[in-house]
Amino acid sequence: MFASFERKHWLLEAMALLSFIAMLVFFMLNWQSIGDTTPTHFGFNGTIDAWANKEVVLTIPVLALAVFLAMTAIEMMPKFWQIPQADEGKESAGYASRTLTLLILLKLIMVLVFFAVLFWIIAGADLPPWFMALIFAILAGGMIVAVISLHNYRRQVPEKAVCDEDR
């Protein structure tokens, strides 16, 4: 069963797909400018702490594609989301819509993270010191907003629609 997409979902999907395509185009345009050895790992503070030959950089777009496809597959299988009453009524549609928004947003964030790391690898420069903190803040912030949205929605749902186990 496919999740029903709303306009906001299509917009987020388009942003994720365009970000992925932009990353691939950026990668292809800059392949020749990558040195024979390139950074392959950054420490928590953003400094380069490992180097390898330039072919290793190919793993970034491949991993980004794997994450993109995995997240897309998860989005298309709402029965696995563990939403109460997943096949019944308007109440479950609200839960499903909010969960789908979170999943697509996480996919977009992950593609942008891969793009940013690829940019700094190609530049051969350390990651900015704020990079990891920003990524954690964005991921945590997105999760917090999603949980609050689901909690507020649950409070709006009539009492009879809430499962006994959720009371």
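Ile 21 counts as partly exposed because its relative accessibility is 39%; buried means under 20% relative accessible area, exposed over 50%, and partly exposed in between (1.4 Å probe, protein chains only). Keep in mind that this is a predicted model, in which local features need pLDDT of at least 70 and side-chain atom pairs count only at pLDDT 80 or more, while totals for chains, interfaces and linings use all residues. Residues are numbered from 1 along each chain as its sequence is written, and side-chain values use heavy atoms, with hydrogens and water left out.

Helices (H or I, at least four residues) and strands (E, at least two) are DSSP runs, numbered from the N terminus.

Next comes a hairpin of β1 and β2, with five residues between them. Strand β1 (residues 37-42) runs antiparallel to strand β2 (residues 48-53), and five bridges pair them; pairing needs at least two DSSP bridges. His 41 has Ala 50 in β2 as its bridge partner, and Gly 46 in the turn shows a positive phi of about 95 degrees.

Now for the aromatic rings: the whole structure holds nine aromatic pairs. Rings of Phe, Tyr and Trp (its six-membered ring) pair if their centres lie within 6.5 Å; planes under 30 degrees apart count as stacked, over 60 as edge-to-face and the rest as tilted. Phe 26 and Phe 119 make a tilted pair, 5.9 Å centre to centre with 35 degrees between the planes. Phe 26 lies in helix α1 and Phe 119 in helix α3 (residues 89-123), so this pair ties together parts 93 residues apart in sequence. Trp 120 and Phe 131 are edge-to-face, because their planes stand at 70 degrees, with the centres 5.4 Å apart. Trp 120 is buried at 16% relative accessible area, and Phe 131 is buried at 5%.
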